[in-house]
Amino acid sequence: EEVMKWGGNYVYNEEAKKAKQQGKLVMQFDEDLFSIEDRGESDAYFLNHSCNPNLWMKDAFTLEARRDIEKGEEITADYALWEADENHVSKWECLCCSDDCRHKVTGKDWKNAELQKKYKNHFIPLINRRIAEKTDN
């Protein structure tokens, strides 16, 4: 079931760099397609990370339930599903306490074979393509 859709202002690389310098939230959706928004502008901004989340990506902009979600349960997603910047390393430590907790989210997490299996076809399309290209070689 769909839980939320991301929106925002979609821009190309140069505009995304400027927005990032201005402190805006910048998310990459394709090689040269980014969304920008002010921090805290939408409810999706407050979506917390978990290494064992209850949401994953349906497509580039839609998060759907990965499993049944109990009433009152926090809605979470693994930020690795959309973190495409291979230089990124989270400044915070994950404290989700799941058996498969990675403690840090990086832009290289999608290269992990276990994560590829766990989230097969449920990363953003950009990362799904990177995985497909890697396995085709």
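Predicted model: local features only at pLDDT ≥ 70, side-chain atom pairs only at ≥ 80, totals over all residues.
Reader: Where does Ser50 sit, and which backbone nitrogen does its side chain reach?

Author: Ser50 lies in the loop between strand S5 (48–49) and S6. Leaving out residues up to four places away in sequence, Ser50 touches Thr76, Ala77, Asp78 and Cys96. Its side chain, at a distance of 3.0 Å, reaches the backbone nitrogen of Asn52.

Reader: How far apart in space are Ser50 and Cys101, C-alpha to C-alpha?

Author: In sequence, Ser50 and Cys101 are 51 residues apart. In space, the distance between them, taken from C-alpha to C-alpha, is 7.9 Å.

Reader: Which strands pair with S7, and which residue stands opposite Glu64?

Author: Strand S1 (residues 2–5) pairs with S7 in the antiparallel sense over 3 bridges, and within that pairing Met4 stands opposite Leu63. Strand S6 (residues 55–57) also pairs with S7 in the antiparallel sense, over 3 bridges, and a hairpin of 4 residues joins S6 to S7. Glu64 itself is placed in S7 (residues 62–65), and the residue standing opposite Glu64 is Trp56.

Reader: What is the nearest side chain of opposite charge to Glu64, and how far away is it?

Author: A salt bridge requires a side-chain nitrogen of Lys or Arg within 4 Å of a carboxyl oxygen of Asp or Glu. Glu64 is buried yet has no salt bridge, although its contacts beyond four places in sequence include Glu1, Glu2, Trp56, Lys58 and His122. The nearest side chain of opposite charge is Lys58, at 4.9 Å.

Reader: How many aromatic pairs are counted, and why is the pair of Tyr79 and Trp82 tilted?

Author: The count comes to 8 aromatic pairs. The ring centres of Tyr79 and Trp82 are 5.5 Å apart and their planes stand at 35 degrees, so this pair is tilted. Trp82 counts as buried because its relative accessibility is 12%, and one aromatic cluster is formed by Trp6, Tyr10, Phe29, Phe61, Tyr79, Trp82 and Trp92.

Reader: What angle lies between the planes of Tyr119 and Phe123?

Author: Tyr119, at 0% relative accessibility, counts as buried, and Phe123 counts as buried at 1%. Their rings lie 5.8 Å apart, centre to centre, and form an edge-to-face pair, with an angle between the planes of 85 degrees.

Key:
Residues numbered from 1 in each chain as written. Heavy atoms only, no water. Helix = DSSP H or I, 4+ residues; strand = E, 2+ residues; numbered from the N terminus. Buried < 20%, exposed > 50% of the residue type's maximum accessible area, 1.4 Å probe, protein only. Lys, Arg positive; Asp, Glu negative; His and termini not counted. Contact = heavy atoms within 4.5 Å. Phe/Tyr/Trp six-rings, centres within 6.5 Å; stacked < 30°, edge-to-face > 60°. Pairing = 2+ DSSP bridges. Polar contact = N/O pair within 3.5 Å; in protein donor to acceptor, adjacent residues only side chain to side chain.
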